[in-house]
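Please keep the sequence and the view open while reading the numbered points.

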Amino acid sequence: MGSNHVEYKGRMSTEVRIQLLDLLKVISLANLGHRTDLKKLCGIALELLDNAQRYSTTTEVGFEWRIEGHQLVVVIRNQASRADAERLVRTVEGINAMTNEQVVEAFKAQLLNEGFGEKGGAGLGMLQIAKKTGSRLTAHISPTEGEDFLCISEVAAPLNIVRPQP
């Protein structure tokens, strides 16, 4: 596999998110060829960008997409309230403690959950990433100068060994 790296730091809006996803689709196709899992790979970025936009207390985010050997790494950085940051860590820790089968069952249960908050908050997006990729997630938080916390979420997803189509 080749390697590539895309990094964005700046304001996040729906329009920026759409443009970033279009760029990632083109980059994926150019660097990975026609694959059956390109939509899934871009879905990881979409979910993390959506979470960052939804929970960020500012409009600024940091986003990184890189392919290292046979692995896609997606990292998102944003500021969030203490409650949202701590919920992120609890959600990721809970998912990482599950087997793949438990992730699938938890995902199904959350789809039926009527307890979604105004911004979501049920962890469905993170469950979806874990379900689609079989990967573990990481989340780190640290306090900033104000009341907010810096949140860094990362997914390292294996690139299935699929031969690119010409």
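1. S142 has its place in strand β4, where strands (E, at least two residues) and helices (H or I, at least four residues) are DSSP runs numbered from the N terminus. This residue counts as partly exposed because its relative accessibility is 30%, given that buried means under 20% relative accessible area, exposed over 50%, and partly exposed in between, with a 1.4 Å probe and protein chains only. Apart from residues up to four places away in sequence, S142 touches F149 and L150, contact being heavy atoms within 4.5 Å. S142 and Q79 are 63 residues apart in sequence, yet their C-alpha atoms are 9.5 Å apart in space.

2. A word on the basis of these notes. The model is predicted, so that local features need pLDDT of at least 70 and side-chain atom pairs count only at pLDDT 80 or more, while totals for chains, interfaces and linings use all residues. Residues are numbered from 1 along each chain as its sequence is written, and side-chain values use heavy atoms, with hydrogens and water left out.

3. The chain as a whole comes to 5 helices and 5 strands, and from the N terminus on its elements follow the order β-α-α-β-β-α-α-α-β-β. Of its 166 residues, 42% count as buried. Among contacts between residues at least 6 apart in sequence, 67% join residues at least 24 apart. The chain exposes about 9,000 Å², of which carbon and sulfur atoms supply 53%; accessible areas come from the Shrake-Rupley method with a 1.4 Å probe, and for residues only the protein chains shown count as cover.

4. Strand β2, residues 56-68, includes E68, and V61 is also found in strand β2. V61 counts as buried because its relative accessibility is 6%, whereas E68, at 40%, counts as partly exposed. Leaving aside neighbours within four places in sequence, V61 is in contact with Y8, K9, G10, M12, A52, R77 and N78. For V61 and K9, 52 residues apart in sequence, the C-alpha to C-alpha distance is 5.8 Å; for E68 and A156, 88 residues apart in sequence, it is 9.6 Å.

5. Which residues of α5 are buried? They are G125, M126, L127, I129, A130 and T133, and what covers the buried residues of α5 includes α2, α3 (82-96), α4 (100-112), β4 (137-143) and β5 (149-158). After α5 comes G134, whose phi is positive, near 70°.

6. The second largest pocket has a volume of about 220 Å³ and is lined by 13 residues, of which K39, C42, G43, L46 and K132 lie nearest its centre. On a 1 Å grid over the protein atoms alone, a pocket is an open set of points where a 1.4 Å probe fits, with protein on both sides within 12 Å along at least five of seven lines, and lining residues have an atom within 4 Å of a point. Grid points are joined across faces, edges and corners, and the volume is the space filled by probe spheres set on the points.

7. As to where that lining comes from, α1 (14-32), α2 (38-55) and α5 (124-133) each supply at least two residues, and α2 gives the most, with 8 residues. By class, the lining has 6 nonpolar, 2 polar and 5 charged residues, where Ala, Val, Leu, Ile, Met, Phe, Trp, Tyr, Cys and Pro count as nonpolar, Asp, Glu, Lys and Arg as charged, and the others, Gly among them, as polar.

8. K25 lies in helix α1 and is partly exposed, because its relative accessible area is 47%. The C-alpha atoms of K25 and K39, which are 14 residues apart along the chain, are separated by 8.1 Å.

9. How many disulfides does the structure hold? There are 0, a disulfide being a pair of cysteine sulfur atoms within 2.5 Å. C42 is buried, with a relative accessible area of 6%, and C151, at 3% relative accessibility, likewise counts as buried.
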